[in-house]
Structures are given as C-alpha cells and as structure tokens.
Amino acid sequence: MKQDIHGHTVLNLLLSAEKPLSRLQLEGMIESEFGGEVCFHTCSQQGLTLTELLDFLLSKKKVVELESGLTVNRERICHH
C-alpha cells in the first residue's frame, strides 16, 4: 500500500534545504525518507503523484522554480 503524504511535508522538506533543490534532488529526498511507494494529497486534492503535486504547488505559487531549483514562497504557505 502506498504511503499517503500531505503536501505540507514536501513544503517542509524544501524549507529545510539549505538551497533550492532540483526536482530530481527532491524526489531522492522523498524516496530516502518515505520509500518509493508514495502518493500525495493536499487540503483539496487526493492521490497525486509528485509531479502533479509540484505542478499544483507551482500553480498556487507556494513553490517557485528558480534557475537553481525549487524553493518555497514563504508568503504563500498556509499554516494549518
């Protein structure tokens, strides 16, 4: 059974990084932390792949993609 991870967990991983992460680096962190069988959810969506979650977070401007990688837009994070 796949482990279901909230999008806030991914945001926290990005926040804890010392510098922006590439998608590949973030994927590696998630696999290292939670294994390869994971799916993601947010407050409004369920059953997302990492790509779908990142696309959602980018569309909501909670994550921004810089030339150097992905980073969190702290002004757009909800705290619940």
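This is a predicted model: local features need pLDDT of at least 70, side-chain atom pairs count only at pLDDT 80 or more; totals for chains, interfaces and linings use all residues.
Trainee: Why is the contact of Arg-23 with Asp-55 called a salt bridge?

Mentor: The closest N and O atoms of Arg-23 and Asp-55 are 3.8 Å apart. The cut-off is within 4 Å, between a side-chain nitrogen of Lys or Arg and a carboxyl oxygen of Asp or Glu, so the pair qualifies.

Trainee: What makes this pair a tie between separate parts of the chain?

Mentor: Arg-23 belongs to helix α2 (residues 23–34) and Asp-55 to helix α3 (residues 50–59), so the bridge ties together parts that are 32 residues apart in sequence.

Trainee: How do you know whether Arg-23 is buried, partly exposed or exposed?

Mentor: The relative accessible area of Arg-23 is 29%. Buried requires under 20% and exposed over 50%, so Arg-23 is partly exposed. Asp-55, at 40%, is also between those limits and therefore counts as partly exposed.

Trainee: Which other residue forms a salt bridge with Arg-23?

Mentor: Glu-65 does, with the closest N and O atoms 3.8 Å apart. Arg-23 in helix α2 and Glu-65 in strand β3 (residues 63–66) are 42 residues apart, and the pair links distant parts of the chain.

Trainee: Why is Glu-65 called partly exposed?

Mentor: Its relative accessibility is 49%. Exposed means over 50%, so Glu-65 stays in the partly exposed class.

Trainee: How many salt bridges does the rule give?

Mentor: The count is 2. Arg-23, Asp-55 and Glu-65 are linked in a network of salt bridges.

Notes. Residues are numbered from 1 along each chain as its sequence is written. Side-chain values use heavy atoms; hydrogens and water are left out. Helices (H or I, at least four residues) and strands (E, at least two) are DSSP runs, numbered from the N terminus. Buried means under 20% relative accessible area, exposed over 50%, partly exposed in between (1.4 Å probe, protein chains only).
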